[in-house]
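Subject: Structure handover

Hello,

Here is the structure for you to look through. My notes on what was found follow below.

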Amino acid sequence: MSTHRELREQLGVYALGHGTPAERTALRAHLDGCATCRADLADLAPLRDRLAAVDLDRVDDLPPAPAGLGDRVLAGIVAEQAATPLPLRRRHRATAVAGIAAAGIAVAGFGVGWLVRPVPEPRPLEPVAVQVAVPEVEATADVVPHTWGMEVQLHAAGFTAGEVYRAQVTEDDGRVVSAGEFIGTGSAEMVCNLNSSVLRADAASFVVLDSSGAVVLTSSL
Ligand SMILES: [Zn+2]
């Protein structure tokens, strides 16, 4: 049989919904007959409510809390309790419960901190001038620099429906690199992200060729 002191150490873990089935059963049985532990558990309710507000769909994304953190903090609190003379015990209870709650919130804080962590700023769009060689085509373009290369976001209409177009980026040294292909959508507006391995700093120009290789659109970068 576990003692009151051993079981009380597990209250924080119990309140967080952790512990093996056997541990939880033992603690529940002890709670039936121990008003002190019931009171401590009731004091942990605000923590439980706070945890209930965490988005459970994202819990799997959470980094693990350091192993044994909660147990170490709780063990420290209990050790301090054991060393405290009896007349002070009662007054210490509130402190101990606050400590348990703080330990739980510290553990929960890993999750909350992770959920509200700063999201990197979106990459800035760099509008670039576009010249079209075909009157039917209307287009604007933005460049997005990436660590892996460069993205051209092409907003356009008037590329012949069903025709396959090729996009290319020319580097400063003249090397021509593919930026993918797309199919014309006729008069319907299209938004097409064309990716190339050329870094923004090395890119000199961007071009779109039709299926016969004729230039339809150019942009100096
Ligand atoms: Zn107890």
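**The zinc site**

Four residues coordinate the zinc ion: His4 through ND1, His30 through NE2, Cys34 through SG and Cys37 through SG, at 2.0 to 2.3 Å. Donors here are N, O and S atoms within 2.8 Å of the metal (3.2 Å for Na, K and Ca); water is not among the atoms, so sites may look incomplete. The site is tetrahedral, with angles of 106 to 115 degrees among the four donor atoms. Four donors count as tetrahedral if all angles lie between 85 and 135 degrees. Along the chain, the donors follow the spacing H-x25-H-x3-C-x2-C.

His4 lies in helix α1 (residues 4–9), and Cys34 lies in the loop between α3 (21–33) and α4 (35–43), so the pair ties together parts that are 30 residues apart in sequence. Helices (H or I, at least four residues) and strands (E, at least two) are DSSP runs, numbered from the N terminus. Cys34 is buried, with a relative accessible area of 10%. His4 counts as partly exposed, at 31% relative accessibility. Buried means under 20% relative accessible area, exposed over 50%, and partly exposed in between (1.4 Å probe, protein chains only).

**How to read the model**

This is a predicted model: local features need pLDDT of at least 70, side-chain atom pairs count only at pLDDT 80 or more, and totals for chains, interfaces and linings use all residues. Residues are numbered from 1 along each chain as its sequence is written, and side-chain values use heavy atoms, with hydrogens and water left out.

**Overall**

The protein has seven helices and nine strands. Of its 221 residues, 36% are buried. Its accessible surface comes to about 12800 Å², and 58% of that belongs to carbon and sulfur atoms. Accessible areas come from the Shrake-Rupley method with a 1.4 Å probe; for residues, only the protein chains shown count as cover. Among contacts with a separation of 6 or more, 56% are between residues 24 or more positions apart. Contact means heavy atoms within 4.5 Å.

**The sheet**

Five strands form an open sheet, in the order β2-β9-β8-β5-β6, and the pairing is antiparallel. Two strands pair if DSSP finds at least two bridges between them. The edge strands are β2 (131–132) and β6, and each pairs on one side only.

Going across the sheet:

- β2 and β9 are joined by two bridges. Gln131 stands opposite Thr218 in β9.
- β8 and β9 are joined by five bridges. Leu209 stands opposite Val215 in β9, and Ser205 stands opposite Ser220 in β9.
- β5 and β8 pair over six bridges. Glu171 stands opposite Ala203 in β8.
- β5 and β6 also pair over six bridges. Arg166 has Glu181 in β6 as its bridge partner.

β8 and β9 form a hairpin with five residues between them. Gly213, in the turn, has a positive phi of about 95 degrees. β8 is mostly covered, with five of its seven residues buried.

**The cores**

In soluble globular proteins, nonpolar side chains tend to be buried together. A nonpolar core here is a set of buried Ala, Val, Leu, Ile, Met, Phe, Trp, Tyr and Cys residues joined through side-chain atoms within 4.5 Å. The largest has 25 residues. Those with the most contacts inside it are Leu154, Phe159, Phe182, Leu194, Phe206 and Val208. The elements that give it two or more residues are β3 (138–146), β4 (149–157), β5 (164–171), β6 (176–183), β7 (190–196), β8 (203–209) and β9 (215–220). β4 gives the most to this core, with four residues. Apart from it lies another core, of 11 residues, among them Tyr14, Leu27, Leu31 and Leu41.

Which residues does Val208 touch, not counting those up to four places away in sequence? They are Leu154, Phe159, Tyr165, Arg166, Ala167, Phe182, Ala214, Val215, Val216 and Leu217.

**One more residue**

Pro145 is found in strand β3. Pro145 is partly exposed, with a relative accessible area of 25%. Pro145 and Arg200 are 55 residues apart in sequence, and 5.5 Å apart in space, C-alpha to C-alpha.

Best wishes

Definitions and conventions. Tetrahedral: all angles 85-135°; square planar, octahedral: opposite > 155°, others 65-115°.
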